[in-house]
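User: Hi! Could you walk me through this one? I'd like to start with how the chains meet.
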Protein chains: 2
Amino acid sequence: MRKGKDQKLPVLAVDLGGTKIIIAIMSHQGEIIARQSYNTLADEGPQAVMNRIFSSIEEVLSQNNLSLSQLSAISIAAAGIIDIKNGVITEAPNLSGWHDIPLKSIVEEKFKLTTFLINDADAAALGEHRFGAGKGLSNLILLTLGTGVGGGIIINSGLYLGSSGSAAEIGHMIIDVNGPKCQCGNNGCLEAFVSGSAIAAEAKSRISQGGKSSLIEMAEGKIENITAEKVYLAAGEGDSLASEVISRAAYYLGIGVVNLVNILNPEMVIIGGSVASMGDILLEPVRQVVKEKAFPLLSQAVKIVPARLGNDAGIFGAAIFALEQ
Amino acid sequence: MRKGKDQKLPVLAVDLGGTKIIIAIMSHQGEIIARQSYNTLADEGPQAVMNRIFSSIEEVLSQNNLSLSQLSAISIAAAGIIDIKNGVITEAPNLSGWHDIPLKSIVEEKFKLTTFLINDADAAALGEHRFGAGKGLSNLILLTLGTGVGGGIIINSGLYLGSSGSAAEIGHMIIDVNGPKCQCGNNGCLEAFVSGSAIAAEAKSRISQGGKSSLIEMAEGKIENITAEKVYLAAGEGDSLASEVISRAAYYLGIGVVNLVNILNPEMVIIGGSVASMGDILLEPVRQVVKEKAFPLLSQAVKIVPARLGNDAGIFGAAIFALEQ
C-alpha cells in the first residue's frame with residue numbers, strides 16, 4: 001500500500017452516517033475542493049453500503065479529475081463504537097448489521113491508500129476545534145444530538161480517544177439509573193432523554209395519554225409522524241405540550257452537561273446535531289441548570305454554545321485527523 | 001520569594017484533610033525523608049488550622065535538621081475545590097469555614113518559598129500513577145471514597161486539571177437525578193450513594209425502619225454510632241442487612257464507573273480511600289456492573305483495582321506535582 005508521503009496532497013474524507021454518506025476532498029491547507037452527499041440506505045446492509053462508499057469515492061474523484069495517486073489518505077468518520085487501533089467498527093446502532101467490520105483494512109485493500117477510521121462525533125469535535133466554535137481552546141466537549149447522542153472530547157488541544165480509541169460515549173452516561181430504557185439496553189442514559197427519537201417519543205407518549213397538542217394536526221392525525229423537528233415547530237407556535245417536552249429534554253441535557261463540567265472542567269461545551277438547531281429554546285435552560293447545579297468555579301469557566309460547522313463538522317474533522325497524523 | 005532553582009533539593013509536601021494534616025519531605029528521587037501526622041481540628045476554623053500547618057512545617061524541618069533554604073518548594077494537597085491558577089481553596093466541605101482562602105500566597109508569604117496547591121484526590125491520582133497501582137499507564141481515573149468522594153484523572157500520563165484546575169469532581173456526577181440529597185445540594189450524586197457517610201446513613205435508615213441487624217449491638221444500641229466500617233465488619237460476619245447495604249453502594253459505584261468508562265475509556269480505574277479498604281466485597285460487584293453495562297470494547301480495556309499507596313498517595317502526589325513543574 002502506498003503511504004501518502006507527500007504531506008501537500010489532499011485527503012479524501014468520508015462521513016458515514018445512518019442517513020447520509022458525505023464525501024469531500026480537503027486540501028492540506030484545509031480548503032474543501034469537492035463535496036458530495038449520498039443516501040446511506042443502511043437497511044441494505046454493510047456490503048451494499050460499502051459498495052456505495054467505493055463507487056461514490058470513485059465518482060467524486062472522477063468528477064474532479066483526480067486520481068488516487070493524487071491523495072495522501074482516505075479518512076472515514078463513522079457513527080459507531082470504533083476500535084481505532086484495529087480500524088474496526090465494532091457496533092453501530094444506526095447502521096443495520098454493522099458488527100466488527102474492519103472498514104479501515106477493507107478500504108486500504110480496495111484503494112491501496114492509507115486509511116483512517118474514527119468516530120463521527122470525535123471527528124466533529126476536532127472539526128469544531130480547528131475550524132468552528134472552539135478554535136484556540138485547550139479543552140472542550142462536543143455533543144451531537146440527532147437520532148442518537150454522540151460525543152467528542154478535546155484535551156490539551158488534541159482529540160482525546162482513550163485507551164481503545166472509543167472515549168466520549170457521552171450519550172450513554174447514566175443520569176437516571178431508574179429512568180427510561182435506552183437503545184443500548186441500559187436505563188436512564190442521556191440519550192434516552194435528549195436524542196431526537198427520545199423527544200419525539202415523549203411527545204407521542206403524552207398525546208397517547210390524552211394530552212392536547214397542535215402536533216396531532218401537524219402530523220396529519222398520525223401520531224407516528226411526530227418528529228423532534230415538529231415538536232420544535234409546535235413549541236415555536238405556542239403549543240404548551242410541545243414546549244413542556246422541549247423543556248424536559250433541556251433539563252436532562254443540563255444535568256448531563258453538569259456532569260461533564262464537574263468531571264472535565266472544560267472551557268466550552270458545544271451542542272451540535274439536528275436537535276441543536278432548536279437553538280436557545282434548548283440551550284438557555286441548559287445554561288441555567290449548569291449555573292444552578294455545577295460548582296461555581298467550574299460553571300463560570302464554561303461557555304455552552306451551538307456548533308458552527310453543521311453537517312460538515314464530521315468531514316472537516318476526519319480530514320484534519322488524517323492531515324495531522 | 002526565593003524560587004527553588006536547584007532541582008536537586010527536596011520538596012515539603014502537606015496533605016490537608018478534614019481529619020489529619022500529613023507533612024512529609026520527599027527527595028528529588030522520590031524518597032520520603034520525613035513524615036509526620038497531625039490532627040487537623042478543622043472545627044477551630046481556617047486561621048487555627050493554618051497556624052497548625054505553619055508550626056507543623058517548622059517542627060518537621062527542625063526535627064530533621066533542615067532549613068527552608070534546603071527545600072525547593074512547598075506543595076499542598078487539600079480536600080476542596082481548588083482554583084489552581086490563583087492558588088485559592090474556593091470551597092472545602094470537610095474544612096469548616098474555608099471559603100475563598102488564598103492558601104498558596106499565604107504560605108508563600110510566610111515561608112518565602114514557591115508553593116503549589118492542588119486538590120488532594122488529584123494528588124492521589126498522580127501518586128498512584130507514578131508510584132502505585134497505575135505505574136506506566138497513559139490514562140487512568142482514581143476515586144477516593146471517604147467521608148466524601150473525590151476524583152483524579154490522568155490523561156496522556158499527566159494529571160488532567162481542566163480549565164480552572166478543578167476537574168475530576170467525580171463524586172458529584174449525578175447518576176440518579178431523582179435520588180437522595182447530596183451534601184452539595186444536588187440530588188443523586190455518586191457521593192450520595194457510595195461515600196462512607198452515605199453507607200452509614202443507609203444502614204441507619206434501614207434499621208430505623210425496623211430492619212434487624214447485628215449492627216445495633218455492634219454500635220452498643222446507639223444507632224448514631226453506626227459507621228461504614230462497622231457495616232463492613234457486620235457484613236463480614238454474615239449480617240444480611242449490612243451485606244445488602246454494601247451491595248447497594250457497590251451497585252451505584254458500578255454505575256458511576258460505567259459512566260467514567262464510557263466517557264473516558266481509561267486503562268484503569270483505581271478505587272482508594274477508607275471505604276475502599278472493604279476490598280473485593282465492594283470491587284467485585286463494581287467489575288460485574290461495568291462488564292454488564294459499559295460498551296464491551298471499553299469494559300474489556302479497563303482494570304478496576306484498589307489503590308496501593310493508602311493514606312500517603314496525597315503527599316506523594318503533592319511532592320511529585322512540585323518536583324515535575
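User: How much area is buried between chain A and chain B?

Analyst: In this predicted model, about 3,700 Å² is buried between chain A and chain B, and carbon and sulfur atoms give 60% of that area. On the chain A side, A:Ile263, A:Phe295 and A:Leu297 lose the most area to chain B, together 18% of what that side buries.

User: Thanks! And how many residues of each chain are in contact?

Analyst: There are 45 residues of chain A in contact with 45 residues of chain B.

User: Which elements of chain A give two or more residues to that side?

Analyst: They are the strands β5 (81-83), β6 (88-91) and β10 (149-155), plus the helices α8 (240-264) and α10 (296-299) of chain A. Helix α8(A) gives the most, with nine residues. By type, the chain A side divides into 26 nonpolar, 13 polar and six charged residues.

User: Nice. Back to salt bridges: how many turn up over all chains?

Analyst: A search of the whole structure finds 22. One of them joins the side chains of A:Lys110 and A:Glu58 at 3.9 Å, N to O. This pair links distant parts of the chain: A:Lys110 is in helix α2 (residues 103-111) and A:Glu58 in helix α1 (residues 46-63), 52 residues apart.

User: Are those two buried or partly exposed?

Analyst: A:Lys110 counts as partly exposed at 40% relative accessibility, and A:Glu58 is partly exposed with a relative accessible area of 40%.

User: Which residue does A:Glu244 meet in a salt bridge?

Analyst: Its side chain meets that of A:Arg206, at 3.3 Å from N to O. A:Glu244 lies in helix α8 of chain A and A:Arg206 in helix α5 (residues 196-208), so the pair ties together parts 38 residues apart in sequence. Both belong to a network of salt bridges that links A:Glu202, A:Arg206, A:Glu244 and A:Arg248.

User: And in chain B, what does B:Glu44 pair with?

Analyst: B:Glu44 forms a salt bridge with B:Arg52, and the closest N and O atoms are 2.5 Å apart. B:Glu44 is partly exposed, at 47% relative accessible area, whereas B:Arg52 counts as buried at 19%.

User: Changing topic: where does A:Asn119 sit, and what does its side chain reach?

Analyst: A:Asn119 lies in strand β8 (residues 115-119) of chain A and counts as buried, at 10% relative accessibility. Its side chain reaches the backbone oxygen of A:Gly80 at 2.8 Å and the backbone nitrogen of A:Asp122 at 3.0 Å. Leaving aside neighbours within four places in sequence, A:Asn119 has contacts that include A:Ala77, A:Ile82 and A:Glu169.

User: Last one: is A:Ser75 buried or exposed?

Analyst: A:Ser75 is buried, with a relative accessible area of 0%. A:Ser75 lies in strand β4 (residues 73-78) of chain A. Beyond neighbours within four places in sequence, the residues in contact with A:Ser75 include A:Val11, A:Val14, A:Phe116 and A:Ala322.

Conventions: Residues are numbered from 1 along each chain as its sequence is written. Chains are lettered from A and ligands numbered from 1 in the order in which they are written. This is a predicted model: local features need pLDDT of at least 70, side-chain atom pairs count only at pLDDT 80 or more; totals for chains, interfaces and linings use all residues. Side-chain values use heavy atoms; hydrogens and water are left out. Contact means heavy atoms within 4.5 Å. Buried area is the accessible area (1.4 Å probe) that two parts lose on being put together, summed over both. Helices (H or I, at least four residues) and strands (E, at least two) are DSSP runs, numbered from the N terminus. Ala, Val, Leu, Ile, Met, Phe, Trp, Tyr, Cys and Pro count as nonpolar, Asp, Glu, Lys and Arg as charged, and the others, Gly among them, as polar. Buried means under 20% relative accessible area, exposed over 50%, partly exposed in between (1.4 Å probe, protein chains only). A polar contact is a pair of N or O atoms within 3.5 Å; within protein, one must be able to donate a hydrogen and the other to accept it, and residues adjacent in sequence count only if both atoms are side-chain atoms. A salt bridge is a side-chain nitrogen of Lys or Arg within 4 Å of a carboxyl oxygen of Asp or Glu.
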